[in-house]
Amino acid sequence: MKYLMKKTITLILTLLTVTFLTFIAFEVIPGDSATLSLGTDATPEQIEALREQLGYNKPVLVRYKDWLCDAVKGDFGTSMNYNLPVGQLIKERLPVTITLAVLSILLTVVCAVPLGIVTTRKEHSRAEGIHQFFIHLGMAIPPFFLGILITFIFGLTLRWFVPGTELSFSENPSQFIYYMIYPAIAVAVPKVAMMTKFLRSSIKRQLGLDYVRTAYSKGGTNRHVMYRHVLKNALIPVITFFAMIVAEVFAGSIVVEQVFNLPGLGRLLVTAIGNRDYPIVQAIVLYIAALVILMNFIVDVLYQYIDPRVKAE
Amino acid sequence: MKKYTATQKIGLALVLMIVGVTLVGLFYTPYDPNKMNGLSKNMAPCLEHPFGTDNFGRDILSRVMDGAKTTFIIASATVLIGAVVGTIIGAITGYFGGVVDECLMRFNDVVASIPSILLALLVVSILGVGKYKIIVALGIIFIPSFARVTRSEFVAQRQLDYVKNARLMGASHLRIIFLHIMPNTLPILLPSLAIGFNNAVLAEASMSYLGLGVQPPDPSLGRMLSDAQSFLMTAPWYCLAPGFTIILTVLGFSLLVER
Amino acid sequence: MGNTILEVNDLHVGFVENKQYAPIVSGITFSISKGEILGIVGESGSGKSITSLTIMDLLKHNGKVKQGQLLFEGSDLLTMTKEEKRRKKANEIAMIFQEPMTSLNPVIKVGPQVEEVLALHKEPNPGEYKKRVISMFEDVGLKDPEAIYGKYPHQLSGGMRQRVMIAMAMILRPKLLIADEPTTALDVTVQKQILELLLQMNKKYGTSIIFISHDLGVVRKLCDRVIVMYDGAIVEQGTINEIFECPKEEYTKKLLAAVPSMRKHEEQEEAATVEQEEETPAILTVKDVTVGYTVKGRGIFGKKTTKTIVKGVSFDIKEGEIFGIVGESGSGKSTLSKAIVGLTPHASGEITMQEAHPQMVFQDPYSSLNPAKTIGSILSEPLIIEGKLKKEERRRKVEQMLEEVGLKGDYYGRNIAKLSGGQRQRVAIALALMTNKKFIVLDEPVSALDVTIQDQILKLLKRLQQQHRLSYLFISHDLNVVYELCDRIAVMKDGVIVEQGTRDEIYYHPKEAYTRQLIEAIV
């Protein structure tokens, strides 16, 4: 219970830091949004009036508090460009990004775990160089370039999907998910490589430890030693690494959404940066950061059930 | 001294090739990378244009050589900022420990929980786009990772008896940090420089692809890919040269430093 | 011998690296009979561990048996199929290892870890497995075996873990047990208990034991017969009496002579009284010193708790004296030494000494010398910091010092990485003496070394002490080493000095029960 308490306090502190950072980041921009939305022709009085109305004259901390309270309720202000509430804009686009991220993460885990185990088997040690080469190749491919290649090969040449189709989950879920698999592959390939590499080095580190020798001395078969003894230990650090993969997957989706013309958070973010639509940028950064931080929190909590040594600390 | 493994040899070959071509590109490119030619639009790879030409009839090889130069300069500058600042912060906090270290590491955890490209986009949306701004943006977001690597090395080395021995001799803290411990962290720091360079190349390419990095007329591999995507139907070869330049560079460095 | 259980014939084992075969064990032949305890002694690199790993088929992938036979009850282990060998393990031949800390899987409870031996060998009645494990735990002297069954390794002490390992090895009543340095990582008092347990297992179940150790004292106490190995070959073998009382080979004699032992000196020395010069001024006075760590919980809000390691310790060291502190792990002896040289602050009490910057020689010469530097630059460092000498003068002084610690020749420019443990420890001693020190703290300086090297370093320390009239504070867990070197001794337990006095007082007339227990555990 103490462990859970400590982790919860850390979670709240982390969230507060991130929110404060994203808030303060946009405070340092020369020319606040009042000046921006009225343009350069506005008289000082007009600007002053708008500043008053938007609450820009209050002290920073008070405004942070107000902004945070609104944000918790889902109110991130109004987009200057779309003239719509930012919360609504995000809500419309969230399903696309979440689907893409979940598919990519699933793909990553489903591919990386077996690959990591198979390539570290004793009988495969001769192909070590080849394994390494392909893992590094996988990590070297930029997701957006892979997206372009996939569009060309599967979209334009093989015509398995039509690039640029507008689909929505509510109207046609199966088709939507089918279409999303292609961008998910583009996001997942480098992450599969990363995670396989990590798992492999984790397994190899465990294979050198004394308890493995003990397991063999008991008369354990290779299978027994790998699945009963080594994996239990080797997967523990992978769980932490998984949280990082989640962050990376979101990063990858921002770019890949652009490639496949998907109406997700990434597209919204890129457009908003181009338009200097700060409330949107602020809100999206917060959304994604909060998601990743929550993931980390869940992993931390799971940790104590998986690693018996954590409780003892 | 040390024997290279087969994969390291491949990595070394790739790095030498890429660095060589880029160095040549500083002084000579087969064509003027920005010269348009209405007669040779969207040409497939041929003898005169080994990687073909783009929609304005510009030679893709020359543009890739030029773009790689920009990308590599940005990546090197980024890593330099990140490594110098990060190493110093990591060394000092790792060596002394204490409250400052604790707070900085917490801050570091927070920063690490935001995907790096998101952070870069955040900085860019504040600073605006452009060659130098992206160096600053990426440089800032690379500081924490270098700080973390250096710090954990310093925390490990600090416990070792040779550091205690140096303290007993009366060596000053700065002397211990830079003369005694730093040389021992090099085997870890040098590969992380290469990995950092790779991440910077990938990040710069992504941002330029999104149109938030290097701006025209400066060429960049990421922007070329963004252009190439529009001509995927008519000139599918356009995307290959810039794409594979990125892949081979990153692959080369990461194979080279693989242990 | 009709009742031979294992016969090793002309065994050659080595490692293949870069397609080159490097021999480790070259042509050893020996046998062990039913119910016998056979000791194999040798220093590191002698091939004793590799021999045992070969018998158990546990060599790393680059290990290779070049030729030879391993006849277990007449059938050759080396020509068996993998599956046949697997069935023999734990069932007929079992093994326990040096590090009970790491030899058990950290994330599986110890009961199931033992239980899986039964499952792996398809023992009948799976329903009875747990009961068998618990009764085996009882057998190896684990108290409250049912509670132990559900514990993770990190919840047990080192001695308990080694008992679990023995239970795991013995549960199928193997005919042969290989014990590879099973007590080396344990405290002396625990070591004694484990040795007794092994003897008990041998008596009760008639199990033959191959006992591998670097510690001749332990082997002498436990074994019936002993094999001395050096550089991959058997130097000499015979009964305990033959080897220890009238060794034939030069190496065995050297090895035996190098072993520090109070028993060896018993006859000649008990009468001699050490002269005490009361007037000699003290070089170090420690008065009522308490040292504690502040243990901080993780995170910014982690709770701070103070853990007192050393509690109100007082003693003094006179000029030219060697003062020993002995204690088991966790007694606070190392923490105390760090407080004395100023590496750890002390919470209360007084430490006064003549030496402004006392130097320290650490246990592990692999971590106490900067691996990135040459010997010359390491030894010059204190002189550079002192800033009195010019470059050539520094070099001359360093070379002179190297010669004094027995490193003649071109050591100045050599890299630390290329030195052996003994050479490194010589450099560490030279470093401590570099700026004309009078008082040095030695924290387990010979514990990581082989017995012959250990002997050389102890002799060097003694010579330097006499030449320069140095004072040492010598910290060790090894009562035999302390006996060899020290004039006065303090015994520490749980952060307090239990007893202190001259060497003979402590060793021959101990007053406290704990001291007596320690002395009795000496082998």
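Start with the salt bridge between chain A and chain B: the rule (a side-chain nitrogen of Lys or Arg within 4 Å of a carboxyl oxygen of Asp or Glu) finds one across this interface. Select A:Lys197 and B:Glu258, whose side chains meet at 3.8 Å, N to O. You are looking at a predicted model, where local features need pLDDT of at least 70, side-chain atom pairs count only at pLDDT 80 or more, and totals for chains, interfaces and linings use all residues. Residues are numbered from 1 along each chain as its sequence is written, chains are lettered from A and ligands numbered from 1 in the order written, and side-chain values use heavy atoms, without hydrogens and water.

Next, show the whole A–B contact (heavy atoms within 4.5 Å): 47 residues come from chain A and 38 residues from chain B. About 3700 Å² is buried between them, 82% of it on carbon and sulfur atoms; buried area is the accessible area (1.4 Å probe) that two parts lose on being put together, summed over both. Now color A:Phe144, A:Phe145 and A:Ile148, which supply 16% of the area chain A buries against chain B, more than any other three residues.

Then move to chain C. Here 24 residues of chain A and 28 residues of chain C are in contact, burying about 2400 Å², with 61% from carbon and sulfur atoms. This interface has two salt bridges. Select A:Arg228 and C:Glu116 to see a salt bridge of 2.3 Å, N to O.
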